[in-house]
Amino acid sequence: MRTSILALAAAVVLTGSAQAQTYPQRPINMIVPFAAGGPTDIVARIVAENMSKTLGQQIVVENVAGAGGTTGITRAAQSKPDGYTIMMGHMGTHGAAPALYPNLKYDPTKDFEPIGMAAGTPILIVAKKDFPANNLKEMIAYLKANSDKVNQAHAGIGAVSHMTCILFNSQIGVKPAAVPYSGTGPALNDLVSGQVDYMCDQIVNLVSQIKAGSIKAFAIAMPERSPALPDVPTTKEAGMPDYEVTAWNAVFAPKDTPKEIVTALSSALDKALDDAGTKGRLLDLGGVLPTKAERGGDWLGAFVKKEVARWTPVLKEASK
Ligand code: MLT
């Protein structure tokens, strides 16, 4: 009896490892927890294209939007851990969500195999093109005087655009009406057409609309200006030095995905970030690439723990 249980256990281990050695044999599904065309989708599609070449199988992006990204991440976390479902998480889904969702169905620090950081995405304060202000100070003055009239777009509770505007609004002392979207891709369309007044969003979604003059950018929440938008002042230059925040997008697999598969995915992501074309596309959009020391699953796992610990008290205080 004992022999047959051992034999069975050995067979299971061998099957898992043989499966990992031949991975991938079919397309891989990458869940993006927001609408197509927004920042997470943009970063995901850029890195997935190059990773697909390295892996020899297509990574197919699936947009599963809802509840500030937590619907898609919950589904991905509960998928079979066989390497054929992975996800693009971010500072909201894996940093802010525990503070804002008391019944969150996943624990960002325990329920995933981290694959690696894909790109940092600095936050900008942007408004519709005819917003009656020409700089951040005037914008803040207008928001304070018209708090009951203005509205702010975001991509659902806990999304980056929500959490970073909670901070912005609480620092300047306003509580505007919030308009939730399935992602800042569709929110940006409404900002361009003037349906909503302002938002706090990730740079990769915004560069072309800012350059085209279809929206106004008041400040970028970084210590230095972005080479992708050299005319946009930093929050420090614009008079709000305490508001600095850069979001991030990172690839995860469900917990218990075999180690060899996690390694294959991490190496493919690392290679993508070293590829001149992939790098160039991310940089042109204002993305900040992880250094070599910030690559891989171990670094990301430790970073997520720090992010949850950092954001939980800040967001609980700012949402009071
Ligand atoms: C998106 O892709 O729509 C965004 O990452 C949403 C957000 O977190 O603000």
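Biologist: Which residues are around the ligand?
Modeller: Phe34, Gly38, Pro39, Thr40, His90, Ala155, Ala159, Val160, Ser161, Gly183, Thr184 and Gln202. A residue counts if one of its heavy atoms lies within 4 Å. This is a predicted model: local features need pLDDT of at least 70, side-chain atom pairs need 80 or more, and totals for chains, interfaces and linings use all residues. Numbering runs from 1 along each chain as its sequence is written, and side-chain values use heavy atoms, without hydrogens or water.

Biologist: Which polar side-chain atom lies 2.6 Å from a ligand oxygen?
Modeller: One of Thr40. Polar contacts here are pairs of N or O atoms within 3.5 Å; within protein, one must be able to donate a hydrogen and the other to accept it, and residues adjacent in sequence count only if both atoms are side-chain atoms.

Biologist: And what about backbone atoms of Thr184?
Modeller: A backbone N or O of Thr184 lies 2.7 Å from a ligand oxygen. For Pro39, a backbone N or O is 3.5 Å from a ligand oxygen.

Biologist: How much of the ligand does the protein bury?
Modeller: 100% of the 270 Å² that the ligand exposes when taken alone. Areas are Shrake-Rupley, with a 1.4 Å probe.

Biologist: Which elements give two or more residues to the shell?
Modeller: Helix 2 (39-55) and helix 6 (160-172). Helices are DSSP runs of H or I, at least four residues; strands are E runs, at least two; both are numbered from the N terminus.

Biologist: What about domains?
Modeller: Domain 1 (2-120 + 248-318) and domain 2 (122-220) each give at least three residues to the shell. The bounds come from an automatic or database assignment.

Biologist: New topic. Where is the cis peptide bond?
Modeller: Between Tyr23 and Pro24, with omega about -5°. Pro24 is in the loop between helix 1 (2-21) and strand 1 (28-32).

Biologist: What is the phi of Ala67?
Modeller: Positive, about 50°, although Ala67 is not a glycine. Ala67 sits in the loop between strand 2 (59-63) and helix 3 (70-77).

Biologist: What follows helix 10?
Modeller: Gly286, with a positive phi near 90°.
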